[in-house]
Amino acid sequence: MSTRALEIVATWVLAILWVSPLVYAVWTAFHPSAYATHFSLLAPWTLANFAHAWEAAPFARYFLNTTLLVGVVLVAQFALCTPAAFAFARMTFRGRDTVFALVLLQLMVAPDVLLVANYRTMARLGVVDTIFSIALPYLGSAFGIFLLRQTFRQVPQELDDAARLEGSSLLGRLWRVYVPLARPTYLAYGLVAVSYHWNNFLWPLVITNSVTTRPLTVGLSVFASTDQGIDWSIITAATLMTSGPLLLAFLLFQRQFVASFMRAGIR
Amino acid sequence: MSIQHPLSPIQTGAAVRLVDIRRAWGSAVALGGVSFTVAAGTFCVLLGPSGCGKTTCLRIVAGLDQATGGRVEIGGRDVTALPPAERGVAMVFQSYALFPHLSVAENIVFGLKARSVPAAERGRRLERAVEILGISALLQRRPGQLSGGQQQRVALGRAIVAEAPVCLMDEPLSNLDAQLRADMRREILALQRRLGITMLYVTHDQTEAMGMADQVILLRGGRIEQDAAPADLYATPATRFAASFVGTPPMNLFSLPGETAVVGVRPEDMRLGDAGLPASVIHAEYLGADTILSCDLAGQTCLARLPGRVRLEAGTPVLLDFDRNTLHRFDADTGTRLS
């Protein structure tokens, strides 16, 4: 068998492995519980599972919490990473390279390592069990700074010179030249950030303990825990519901996302 | 799409004066004390080979680069410490530096917006620039959709709307093909004449300098070799380098028996005669109106520009002759001209 054929087979196997949980979830969610482990082409379709799931737990509130969380994190990250990245890319000041190395060092620290330390900090600040406390450790992002710095460095110096000569201030140049030219990077990075924080589980689980602050992931895990009884049809319906918006966005904007990723250099 | 004939100047230029400008990066000296004056409304070309400091010089005038020593004056005002935007200069960059995310119209008025010029005034200036350059059809396009020549026009448009008394250009034609370059050369010159602005134009191409300039400043290794009108630069080069840099083909420089100085003869002053220096033909290049004959003159290559078609086989012995009064003489050690 040629390498090419082997590659095709491997691709199919991996693709099927990857998509099978999703396929199972779709199957189970749209059929009555009786068919959860019983496949039949004649099985009746239903939306009842979604209705049950929606009523069984405050998903609307969880949706709101997650949206708030993701929105706050995204806005703060853009607002904080942009000036930092610009300073690292285009300004000269003492200790710039050392500070940048420290920022890069932060990339190597897995966030989960800091779980306890972060909890203590939040407790001292008195903000435990708020949406703000979920977001706070993530408001600055080393990855975002690094990515934007690389993008800003690729902006031709002559464009900066031209804007300077035309009378643009430092902030004017950042806003009118650098940020618009880095749009693909913002899009790609925004996507990574949104999906990461939409799916983040461990830290929100630790820091929240009420309905008004829990994001979708934690809400779903509470909903699916054993003491509520396990009904796969309802659990998969809830899962599809919570991951639905993200999935839909990916499918709709697939082409732009891939293009942005290629241009931003994230693969 | 061509620029209209010179009318009376609409705005006025300002004189530019550099006094002992120095620039060094660590121990590397880019400019070692450059001083010159460009009168208001003059087309001045900074000419020189790459690395001679001409672009550095321009960037220092613009304020994009800081000199390590010396003074820059524009219109009699010391601008050495002023930021670029307050110096009253416009600039056209080698890459055109058009903002790829803005339309042509937005690119042209970018600076006016940054300076909060009222919308009505912006519109008036844009209209005037567009009319001068003939780019009304391109206003809504993005720079990426334009050809090199069109991008060049947009860059010129941005310089025009600034209505600055001094315009700086950094090798603006180097990215265009030969035909377009010749056209744009005429247009830029006509534009400068029409607007009456002072132009500082950087190039390494001596034909551009000869064809456009009122004043040529020839730089080499961060120093001025010669500051003169093109005709004087050609007729009386001040140094051996100036003699060899200007002219196509460049001046022949060789030593003659019994002469301590290096002598120079322009190829067009050479002729084949019955008497003269014995040489042998290396190659004859026929160019249509004339023929460039390369000869071996006692181990030195010597070029002669002869009218019409000259058919001579390689190796043919010839006698190279010239009038004594066309001879240029340079000091063998310092390279300076001997009168």
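Trainee: In the six-stranded open sheet of chain B, in what order do the strands stand?
Mentor: In this predicted model, the pairing within that sheet of chain B is mixed, and the sheet is an open one. Neighbouring strands of the sheet are turned by 15 degrees against each other on average, with direction ignored. The order of the six strands is β6-β7-β8-β3-β9-β10.

Trainee: Which strands of that sheet have one side left without a neighbour, and why?
Mentor: A strand at the edge has a single partner strand, so one side of it is left without a neighbour in the sheet. In chain B this applies to the two strands that stand at the edges, namely β6 (89-92) and β10 (223-228).

Trainee: How many bridges join β3 to β8 in chain B, and do these strands run parallel or antiparallel?
Mentor: Strands of a sheet can pair in either direction, through backbone hydrogen bonds. One pair of residues placed opposite each other here is B:Cys44 and B:Leu200, the latter in β8(B). Strand β3 covers residues 43-47 and strand β8 covers residues 198-203, and the bridges that join them number five, with the strands running parallel.

Trainee: Chain B also has an open sheet of four strands; which strands form its edges?
Mentor: The order in this sheet of chain B is β11-β12-β17-β18, with antiparallel pairing. An edge strand here pairs on one side only, and in chain B that holds for β11 (252-255) and β18 (337-338).

Trainee: Which residue of β18(B) is the bridge partner of B:Arg329?
Mentor: Strand β17 of chain B, residues 328-330, is joined to β18(B) by two bridges, and the two strands run antiparallel. For B:Arg329, the bridge partner in β18(B) is B:Leu338.

Trainee: What distance separates the centres of the two domains of chain B?
Mentor: The domain assignment gives chain B a domain 1 that covers 16-237 and a domain 2 that covers 249-338. Taken over C-alpha atoms, the separation of the centres of these two domains of chain B is 38 Å.

Trainee: Turning to chain A, how many helices and how many strands does its secondary structure hold?
Mentor: Read along the sequence, the pattern of chain A is α-α-α-α-α-α-α-α-α-α-α-α-α-α. The C-alpha trace of chain A spans about 70 × 60 × 35 Å along its principal axes, and 30% of its 267 residues count as buried. The secondary structure of chain A comes to 14 helices and zero strands.

Trainee: Where chain A touches chain B, which element of chain A gives the most residues?
Mentor: Between the chains, 14 residues of chain A are in contact with 15 residues of chain B. The elements of chain A that give two or more residues to this side are α8 (157-165) and α9 (170-181). By class, the residues of the side of chain A that touches chain B divide into seven nonpolar, three polar and four charged. With six residues, the element that gives the most to this side is α8(A).

Methods: Residues are numbered from 1 along each chain as its sequence is written. Chains are lettered from A and ligands numbered from 1 in the order in which they are written. This is a predicted model: local features need pLDDT of at least 70, side-chain atom pairs count only at pLDDT 80 or more; totals for chains, interfaces and linings use all residues. Two residues are in contact if their C-beta atoms, placed from the backbone, lie within 7 Å. Ala, Val, Leu, Ile, Met, Phe, Trp, Tyr, Cys and Pro count as nonpolar, Asp, Glu, Lys and Arg as charged, and the others, Gly among them, as polar. Two strands pair if DSSP finds at least two bridges between them. Domain bounds come from an automatic or database domain assignment. Axes are lines fitted to C-alpha atoms, for helices over the stretch in contact, and angles run from 0 to 180 degrees between N-to-C directions. A residue is buried if 20 or more other C-beta atoms lie within 10 Å of its own, exposed if 12 or fewer, and partly exposed in between; C-beta atoms are placed from the backbone.
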